[in-house]
Amino acid sequence: MADHRPHHHETEPLIERLERGVAYPRYEPRSKWAGVRHKFRKAFAEFLGTAILVAFGSGAIAQLVFTPNNSSWFTMSLGWGLGLTFGIFVSAGVS
């Protein structure tokens with residue numbers, strides 16, 4: 001004869017599972033550096049994206065200032081645009 005009672009995991013409320021830590025297991029880093037990377041991954045991504053933006057933007061301004069005969073506002077805008085695009089591409093997956 002088949003047992004038609006619901007299984008225990010089907011009747012257990014989500015709140016009880018959260019209290020026991022079953023629904024969302026805690027992250028346990030393998031090393032100290034892995035824990036730091038996990039904790040600050042959003043900050044690292046924002047920092048790296050901003051650094052890329054500033055590097056490309058500063059390079060575009062330097063190109064405009066130091067080569068006045070061969071540069072234009074278009075190349076400066078292109079440099080800032082590429083910096084913004086690459087910065088977003090680098091940090092978009094995390095933050």
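Trainee: What does the accessible surface of the chain come to?
Mentor: The accessible surface of this predicted model comes to about 8100 Å², and carbon and sulfur atoms account for 65% of that surface.

Trainee: And how many of the residues count as buried, as a percentage?
Mentor: The chain has 95 residues, of which 15% count as buried.

Trainee: How many helices and strands are there?
Mentor: The chain contains 5 helices and 0 strands. Read from the N terminus, the order of elements is therefore α-α-α-α-α.

Trainee: What does UniProt list as "transmembrane region"?
Mentor: An unreviewed UniProt entry lists residues 47-66 and 72-94 under that heading.

Trainee: What is the helix content over each of those stretches?
Mentor: Residues 47-66 are 100% helix and 0% strand, with the end C-alpha atoms 28 Å apart. For residues 72-94 the figures are 83% helix and 0% strand, and the end C-alpha atoms lie 35 Å apart.

Trainee: Changing topic: how many aromatic pairs are there?
Mentor: The count comes to 2 aromatic pairs. In one of them, the ring centres of Phe40 and Phe44 are 6.4 Å apart and the planes stand at 50 degrees, so this pair is classed as tilted. Phe40 is partly exposed, at 39% relative accessibility, and Phe44 is also partly exposed, with a relative accessible area of 39%.

Trainee: Why is the pair of Phe56 and Phe86 edge-to-face?
Mentor: Their planes are at 65 degrees, with the ring centres 5.3 Å apart; planes over 60 degrees apart count as edge-to-face.

Trainee: Which parts of the chain does that pair tie together?
Mentor: Phe56 belongs to helix α4 (residues 41-66) and Phe86 to helix α5, so the pair links parts that are 30 residues apart in sequence. Phe56 is partly exposed at 34%, and Phe86 is partly exposed at 36% relative accessibility.

Trainee: Where does Ser91 lie?
Mentor: Ser91 is in helix α5, which covers residues 73-91.

Trainee: Is Ser91 buried or exposed?
Mentor: Ser91 counts as buried, because its relative accessibility is 10% and the limit for buried is under 20%.

Trainee: What is Ser91 in contact with, neighbours within four places in sequence aside?
Mentor: Leaving those neighbours out, Ser91 is in contact with Ala45, Glu46 and Gly49.

Terms used. Residues are numbered from 1 along each chain as its sequence is written. This is a predicted model: local features need pLDDT of at least 70, side-chain atom pairs count only at pLDDT 80 or more; totals for chains, interfaces and linings use all residues. Side-chain values use heavy atoms; hydrogens and water are left out. Helices (H or I, at least four residues) and strands (E, at least two) are DSSP runs, numbered from the N terminus. Buried means under 20% relative accessible area, exposed over 50%, partly exposed in between (1.4 Å probe, protein chains only). Contact means heavy atoms within 4.5 Å. UniProt positions are given in the numbering used here, feature names are shortened, and annotations may be inferred rather than shown by experiment. Rings of Phe, Tyr and Trp (its six-membered ring) pair if their centres lie within 6.5 Å; planes under 30 degrees apart count as stacked, over 60 as edge-to-face and the rest as tilted. Accessible areas come from the Shrake-Rupley method with a 1.4 Å probe; for residues, only the protein chains shown count as cover.
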